[in-house]
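Let's take a walk through this chain, one piece at a time. Keep the viewer open and follow along.

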Amino acid sequence: MSILTALTSILMACSDYQNARSAYAAGDYTKAYQLFQALAESGDTKAQYDLSLMYIQGIGTKKNIEKGLVWLNRAAEKGNIEAMLELGVLYQKIDNLDNAPQLALHWFEKAAMAGSAVGQYNLAHIYMEGGQIAIDLPKAYIWMSISDSTGNPLAMTELAKLKADLSTQELLAAEEKIALIKKTLP
């Protein structure tokens, strides 16, 4: 009976999530908010992500960036790749937080290691562009190469440019690291 109960719970949660998505798509934001809230509180990371965006954008509820960030962090900490990417982008845009670049790097790296081609691409760009994070073209090449091999069409052109900027020794070392990283990816 416990397997049947668990299956029923999973199916109901999926159904509730679809009901929340449908309400959102239909413009019934108050209903969507209520459904996402209940699901988020029960640990559904997709609902936590959606709820976070509703708070951040003030859709279906009063705008509350702090609450939005709490839910976004919960979803990201539990492995929601969309939440990781969103946090990375948000931290890239924050100017008045001293460790914002390191936090952006952290979340893009987590998304990259979870297999996200977008996370890998964004991580490569952090190493290409520098700022408070030191420019590191070999690391940029590593992540751009992995993003390319994961299927990101934007990475191919940039990968060729990066390759031209690296020495033969840097390329060989990077290829070794790429092989090691790929073994750990999902």
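Predicted model: local features only at pLDDT ≥ 70, side-chain atom pairs only at ≥ 80, totals over all residues.

**A tour of the helices**

Residues are numbered from 1 along each chain as its sequence is written, and side-chain values use heavy atoms, with hydrogens and water left out.

Back to that pair. Helix H3 covers residues 45-57 and helix H4 residues 65-77, and they pack at an angle of about 160 degrees with their axes 8 Å apart. Axes here are lines fitted to C-alpha atoms, for helices over the stretch in contact, and angles run from 0 to 180 degrees between N-to-C directions. H3 and H4 are therefore roughly antiparallel to each other; the label applies to angles over 145 degrees, with under 35 counting as roughly parallel, 65 to 115 as roughly perpendicular and the rest as oblique. On the H3 side, the residues that meet H4 include Tyr-49, Leu-51 and Tyr-55, and their partners in H4 include Leu-69, Trp-71 and Leu-72. Contact means heavy atoms within 4.5 Å. By class, the residues of this H3 and H4 contact come to nine nonpolar, four polar and two charged. Nonpolar covers Ala, Val, Leu, Ile, Met, Phe, Trp, Tyr, Cys and Pro, charged covers Asp, Glu, Lys and Arg, and the others, Gly among them, are polar.

Now zoom out. The C-alpha trace spans about 60 × 45 × 25 Å along its principal axes. Of the 186 residues, 38% count as buried, meaning under 20% relative accessible area, with exposed being over 50% and partly exposed in between (1.4 Å probe, protein chains only).

Side chains of opposite charge can pair when their charged atoms come close. The structure holds one salt bridge, defined as a side-chain nitrogen of Lys or Arg within 4 Å of a carboxyl oxygen of Asp or Glu. Its partners are Arg-21 and Asp-50, at 3.7 Å from N to O. Arg-21 sits in helix H1 (residues 2-25) and Asp-50 in helix H3, so the pair links distant parts of the chain, 29 residues apart. Arg-21 is partly exposed at 32% relative accessible area, while Asp-50 is buried at 10%.

What does Ala-20 touch, leaving aside its neighbours within four places in sequence? Ala-20, found in helix H1, is in contact with Ala-32, Leu-35 and Phe-36. With 0% relative accessibility, Ala-20 counts as buried.

Further along, helix H6 (residues 100-113) packs with helix H7 (residues 117-129) at about 140 degrees, their axes 7 Å apart. This crossing is left-handed. Among the residues that meet are Leu-105 and Phe-108 in H6, and Leu-123 and Ile-126 in H7. H7 also packs with helix H9 (residues 155-164), at about 30 degrees and with axes 12 Å apart. There, Tyr-121, His-125 and Met-128 in H7 meet Ala-155, Glu-158 and Leu-162 in H9.

Key
Helix = DSSP H or I, 4+ residues; strand = E, 2+ residues; numbered from the N terminus. Left-handed = near helix turned anticlockwise from the far one by under 90°.
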